[in-house]
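Reader: I have a chain to go through with you. Can we start with the aromatics?
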Amino acid sequence: MQFSPTNGDFTFVSSTDAEELSGTIDAPDVKLNMGSDTGKDAYATTFLRQRGYGWLLEVEEDDPEDNKPLLEELDIDLKDIYYKIRCVLMPMPSLGFNRQVVRDNPDFWGPLAVVLLFSMISIYGQFKVVSWIVTIWIFGSLTIFLLARVLGGEVSYGQVLGVIGYSLLPLIVIAPLLFVIGAFDVVSTLLKLFGVFWAAYSAASLLVGDEFKTKKPLLIYPIFLLYIYFLSLYTGV
């Protein structure tokens, strides 16, 4: 006995004793895969989340800010440092440099590099001079800052630190000349005075503003003494 389906998808066949049934199912479009990797992944995900380990499945997205260049990450602008160096070495207003950028936009790495360079040329085999010059730079700038604030100046410690550090460049410039003409005492002394006046003028013209009025000499004088001391660390006198 045979039963024919109405839709043509199934065929049932009955044996003569009507006790055994057999049949076939034609479903070519149906695919079953109970052991797929997707199912296993879903089970593992559910297992971890139920036990409080869902954070293991979190994937951190790359932050564009984490891929910055090293100089940008350290906030080092080489063009800005180079411009400030030119402003300090050429302090005359007639040259057209915007020298106020040295004070108004202070940075740390530029002055530190200048101070370390001055320390290197002052070593003469004594590496302890490096730490001492850096110490004088930090605490000397702190003294100038406190004095400027007492006198009514509107300046921050970072600004003083940057200006004092950059203004060591004139002493670095005259250092090779002192090495060459060191045997000529008169010329050497004049060159030392010129270097100190150059450095002190570069720093004072940036730090001593119009707000000091008649008190300008009270701030210019300690700045001048500070650079005399820096020079003495180099010459040993």
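Reader: Which residues form one aromatic cluster?
Author: F108, W109 and W137 form it. Bear in mind that this is a predicted model.

Reader: How many aromatic pairs does a search of the whole structure find?
Author: Seven. One of them is F145 with Y157, which counts as edge-to-face because the ring planes are at 65°, over the 60 degree cut-off. The ring centres of F145 and Y157 are 5.9 Å apart.

Reader: What does that pair tie together?
Author: F145 is in helix α6 (residues 128-150) and Y157 in helix α7 (residues 157-166), so the pair links parts 12 residues apart in sequence.

Reader: And F145, buried or exposed?
Author: Buried, at 17% relative accessible area. Y157 is partly exposed, at 26%.

Reader: What about F197 and F224, how are the rings set?
Author: F197 and F224 are tilted, with 40° between the planes and 5.0 Å centre to centre. F197 lies in helix α9 and F224 in helix α10 (residues 216-235), so this pair joins parts 27 residues apart in sequence. F224 is buried, with a relative accessible area of 19%.

Reader: Switching to the surface. Which residues form a nonpolar patch there?
Author: F184, V186, V187, L190, L193 and F197, with about 620 Å² of accessible area together. L190 sits in helix α9 (residues 185-207) and counts as exposed because its relative accessibility is 54%, over the 50% cut-off.

Reader: Last one: what is the secondary structure of the chain?
Author: 10 helices and three strands. From the N terminus, the order is β-β-β-α-α-α-α-α-α-α-α-α-α. Of the 237 residues, 34% are buried.

Technical notes
Residues are numbered from 1 along each chain as its sequence is written. This is a predicted model: local features need pLDDT of at least 70, side-chain atom pairs count only at pLDDT 80 or more; totals for chains, interfaces and linings use all residues. Side-chain values use heavy atoms; hydrogens and water are left out. Helices (H or I, at least four residues) and strands (E, at least two) are DSSP runs, numbered from the N terminus. Buried means under 20% relative accessible area, exposed over 50%, partly exposed in between (1.4 Å probe, protein chains only). Patches are made of residues with over 30% relative accessible area and no salt bridge: like charges are joined within 9 Å, nonpolar side chains (Val, Leu, Ile, Met, Phe, Trp, Tyr) within 5 Å. Accessible areas come from the Shrake-Rupley method with a 1.4 Å probe; for residues, only the protein chains shown count as cover. A salt bridge is a side-chain nitrogen of Lys or Arg within 4 Å of a carboxyl oxygen of Asp or Glu. Rings of Phe, Tyr and Trp (its six-membered ring) pair if their centres lie within 6.5 Å; planes under 30 degrees apart count as stacked, over 60 as edge-to-face and the rest as tilted.
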